[in-house]
Amino acid sequence: MKIRLSDHFTFRKLLRFTFPSMMMMVFVSIYGVVDGLFISNCVGKTAFAAVNIVMPFIMMIGGIGAMLGTGGSALVAKTLGEGDHDRAHRYFTMMIQVMVLVGVFFSIVGMVFIRPVSIFLGADEALLPDCVLYGRTALAFNAALLMQYTFQSFLITAEKPKLGLWVTILAGGTNIVLDALFMVVFPWGVMGAALATGLSECVGGVIPLCYFLSKRNQTSLRFVRTRWEVWSICKACGNGASEMMSTISASITGILYNRQLMAYAGEDGVAAYGVIMYASFLFIGIFTGFSNGSAPIVGYHYGAKNHAELKNILRKSLTFVLFAGGVMMVSGSALAEPLANIFVGYDRGLTQMTIHALRICFVAFLIIGVNVYASSFFTALNNGSVSAAISFLRSLLLPVVTIIILPILFGLDGIWYSLPAGEALALFVSVAFLMTNRKKYQY
């Protein structure tokens, strides 16, 4: 039986509805991880470090898609909950138009400025050529990347999470096959990796576009004639500001991590951090997918003023992310050695450093899920300011403080300790916002 946003959600139904979204994010993470595996093992640790240097800038631009996708889908879900389907169609069409134009604009700007940006990010003479080559190739596909991000959220709102999952699997499969072709069969190095990723993003962005344009689209969302409403665009951007803030903040902290690691451990430290980030993508993808998958449910029932169901969803969601976090912390520690060997097993010293760092950093996964979900929950409630505050503190302010202070006290280990320390401080912020807004939203 098809699950609808208006349903009452048992634990089983909630997990069934969000499972495709979780798997979608896991597959997105997997083909990002595959890129790293191919680059590290086929091109070497210098190229691997170069890609990790420039990646925060690419992620920062990609955050615009996350903002328009999550913020726009929250606005559309709320409008559907209010029963105004015509207005929801107009909002949906408008968001896609904005996203395409913004994607093309930032693609051009990013490609022009990638060299000075790479130098600013800490690239030295050895890393700079690969930074520029990978960055320009990847940014050429920026509009497709933003389309992929945006449609992932809207497919959930359209009650088609399984279609989103299959599109992501197809895009991921394309990326893996092309990685092998462009880096093993044709030795194109980092350009091959970026080209493979870009073409897979085209698959992930164009297929949903074709679906919503086709006659087979029988969902609650469709393209219609619309005009741009500045207030609605601003409202959607405000709703999704936390997701963009998370991406930008993660990029800034990534830059700071790389700078600190270059100072304390050189190229090897940056490579070890790259392994941690790729491994983290897989686990955080589950939290992000669950949060994105449940957000339209929250938005719908908020619009419908069904306060009992809001309380039900929140309680079940927090139970899930806490349980999943405990499982991830234990499994991450157990998998530290094989993960390090897969990525950098060709260098014994780097492998040992990576194993040690992974075991420290994975303690954070016990609580990361609560922080990720809390921010998404307030986005779904169309409260972009609280959501952005959680994201800002969790992803930027607190990590910056810990990354700067803890290495002074503990040396290189202080850099690794900064991740769980920052998340622990952010947990207090998330809990405080959830408690103080209970009466306002009656959850």
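The largest pocket is lined by 12 residues, of which K2, I3, E159, P161 and K162 lie nearest its centre. Helix 1 (11-43) and helix 6 (161-185) are the elements that each give two or more residues to this lining, and helix 6 supplies the largest share, four residues. The pocket holds about 250 Å³ of space. A pocket is here an open set of points on a 1 Å grid over the protein atoms alone, with protein on both sides within 12 Å along at least five of seven lines, whereas a cavity is a set of points where a 1.4 Å probe fits but cannot get out; lining residues have an atom within 4 Å of a point. Grid points are joined across faces, edges and corners, and a volume is the space filled by probe spheres set on the points. Helices are DSSP runs (H or I, at least four residues), numbered from the N terminus.

The model is predicted, so that local features need pLDDT of at least 70 and side-chain atom pairs count only at pLDDT 80 or more, while totals for chains, interfaces and linings use all residues. Residues are numbered from 1 along each chain as its sequence is written, and side-chain values use heavy atoms, with hydrogens and water left out.

The lining of the largest pocket comprises seven nonpolar, no polar and five charged residues. In this classification Ala, Val, Leu, Ile, Met, Phe, Trp, Tyr, Cys and Pro count as nonpolar, Asp, Glu, Lys and Arg as charged, and the others, Gly among them, as polar. The second largest pocket, with about 180 Å³ of space, is lined by K311, L314, R315, L318, V431, L434, M435, R438 and Y443. Two or more residues of this lining come from each of helix 11 (307-334) and helix 16 (412-436), with the largest share, four residues, from helix 11. Six nonpolar, no polar and three charged residues make up the lining of the second largest pocket.

Four cavities of 30 Å³ or more were counted. The second largest cavity has a volume of about 130 Å³ and is lined by 14 residues, of which T70, S73, N292, A295 and P296 lie nearest its centre. Helix 2 (45-81), helix 5, helix 10 and helix 14 each give two or more residues to the lining of this cavity; helix 10 gives the largest share, four residues. By class, this lining has five nonpolar, eight polar and one charged residue.

Helix 5 (residues 142-157) also packs against helix 6: their axes come within 8 Å and cross at roughly 150 degrees. Helix 5 is therefore roughly antiparallel to helix 6 (an angle over 145 degrees). The contact (heavy atoms within 4.5 Å) is made by Q148, Q152 and L155 of helix 5 and by P161, L163, G164, T168 and A171 of helix 6. Four nonpolar, four polar and no charged residues take part in this contact.

Most residues other than glycine have a negative phi. K305 has a positive phi of about 60 degrees although it is not a glycine; K305 lies in the loop between helix 10 (266-303) and helix 11. With 62% relative accessibility, K305 counts as exposed (over 50%; buried means under 20%, and partly exposed in between, with a 1.4 Å probe and protein chains only). Q442, in the segment after helix 17 (438-441), likewise has a positive phi, of about 55 degrees, and is not a glycine. Q442 counts as partly exposed at 47% relative accessibility.

Key: Axes are lines fitted to C-alpha atoms, for helices over the stretch in contact, and angles run from 0 to 180 degrees between N-to-C directions. Angles under 35 degrees count as roughly parallel, over 145 as roughly antiparallel, 65 to 115 as roughly perpendicular and the rest as oblique.
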